[in-house]
Amino acid sequence: MSSLREYINESSAFTPQVDKTRCVHGKIEVSNCTDCVDICPHLAWNLSDESLSIDVSACVGCALCVAACKEMAMQYEYQHIAKNYKNLKINFFACHNASHIEPQDKNIFCINAISMLELLHLYSNGVEVICASIGNCHNCTYNCTNTFEDKITKLNDLLMSRNHKGIKFLNIKATKFKKWLAELPDFSEQNDRRMFLRNMFANSMKVMGKEKNNSHSTNLDKLLPIENNAKTNDFIYFFVPQISEHKCNICNACIRLCPHESLTLKQHQLSISANRCTGCNICVDVCEQQAIKIEPWSKVNQLSIDITTHLCNGCGVSFSVPKNAKLNTNYCLVCTHNNTSKNLYQVIDA
C-alpha cells in the first residue's frame, strides 16, 4: 500500500455479513432492534418488515455496526498488534484517520468498531494496556457519540467493581506510537505464565472433548472469574433484566425465547442471571404485559421472583403466577382469555 487512499479502499472492501442464527430479527418477528441501522453514518442499512439488508455501495467498511450489535451477529477481523513491555501485554491500534502513521501500521478502520465485549475478551486474554494513535473522534464524520475512551472508562468501572485491575489506555502521538511499535518486542504467550496456564487448561479441555467456542462468550462470570473478597452486590453488569412482579403473569415467553438463558424457571422461582444478559431485548419485545425492562450498566437488585403453582378450575392444567401478584389464581391464561362457561365436547368418529 503506497497511499492512504489505497488503504481506505482496501479497508472498505469489508462488508458486514449477518449471521441469521444470531441476529434477533432471525429469532423473532417482533424485534424492535435497530442498532445497526442507527449507528451507520452512511445510511447503508435498510430495515423493513420483510428484511434487513445493506447497500454495499453506501458501506465504507467502518464496522461500527459490528460493535453496535449486542448479539455479535457480525464479525470484523482486524490485525492484532501485541507488544511486550516488562511482561505487560500491550495492544496497539491506529485508525485510518490517525495523522503521520504509515498506512501499513493502521490496523483498524475505526477504533470504535471495537465493542465493549471485544475489549473484555482482550482483557481476559491478558491485555493490560492499549496504546492508540487515533483521530479526533468528536470531529470525525462518523459521529460516534460513544467513543473508545468512553468504553474504556465504563469497562474499568465494571472491572473494578469486581476487584479486577483496569485496562490502561494511552492515546499517544504518532512519533511515540511509531517508536514504541518499532522498539518493543512482539508479545509471546509462551513466555507469559498466565497465558501458559490458560492454554494448558484449554488443551486439557480438548483432550476431554469438552472444548467450547468462547469467541462468542457473553457470560461475565466466565470471562471475569470472581476475585477473592469481591462483593457481588457491588458488581456492575452490561445489562440487567428487571421484571415487575405486579405485571408479569409467568407466560414463559421470555424464558423460552431468551437465547442466553438469562431468565430461567427453577422450582418455585423465576431466576434472573444478569451475567448472561446481552441486552438483545427479545424478552422486552415479546412481553405482552410490558413487565420487563433492561437497565444498562447497573447493579443487580433483583435475583429472582417467587412464584406459586395452581390448578386451573376450567381445564385442570397447572399454571404459575408471581407470589406477590394480584392475579386470578382460579384460571390459567388460556381460560382467563376465553369463556370458561363454554361446554367441552368430545368428537367421536362415526
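**Entry 1: the model.** I am working from a predicted model.

**Entry 2: the main core.** I looked up the largest nonpolar core and found 71 residues in it. Tyr-76, Phe-93, Leu-120, Ile-130 and Leu-263 have the most contacts inside this core.

**Entry 3: helix α4.** I checked how α4 sits. Eight of its nine residues are buried, so the helix is largely enclosed by the rest of the structure. I listed the buried ones: Met-116, Leu-117, Leu-119, Leu-120, His-121, Leu-122, Tyr-123 and Ser-124. Just after α4, I found Gly-126 with a positive phi of about 100°.

**Entry 4: Ile-130.** I looked up what Ile-130 touches, not counting residues up to four places away in sequence. Leu-119 is one of its contacts, and Leu-119 is also on my list of buried α4 residues. Ile-130 touches Phe-93 as well. Its other contacts include Asn-91, Phe-148, Ile-152, Ile-167 and Phe-169.

**Entry 5: Thr-278.** Where is Thr-278 placed? I found it in the loop between β9 (269-272) and α10 (282-286). Is Thr-278 buried or exposed? I count it as buried because its relative accessible area is 7%, under the 20% cut-off. Its side chain makes a polar contact with the side chain of Glu-71, at 2.4 Å. Leaving aside neighbours within four places in sequence, Thr-278 is in contact with Lys-70, Glu-71, Thr-218, Phe-239 and His-260.

Key
Residues numbered from 1 in each chain as written. Predicted model: local features only at pLDDT ≥ 70, side-chain atom pairs only at ≥ 80, totals over all residues. Heavy atoms only, no water. Helix = DSSP H or I, 4+ residues; strand = E, 2+ residues; numbered from the N terminus. Buried < 20%, exposed > 50% of the residue type's maximum accessible area, 1.4 Å probe, protein only. Polar contact = N/O pair within 3.5 Å; in protein donor to acceptor, adjacent residues only side chain to side chain. Contact = heavy atoms within 4.5 Å. Core = buried A, V, L, I, M, F, W, Y, C linked by side-chain atoms within 4.5 Å.
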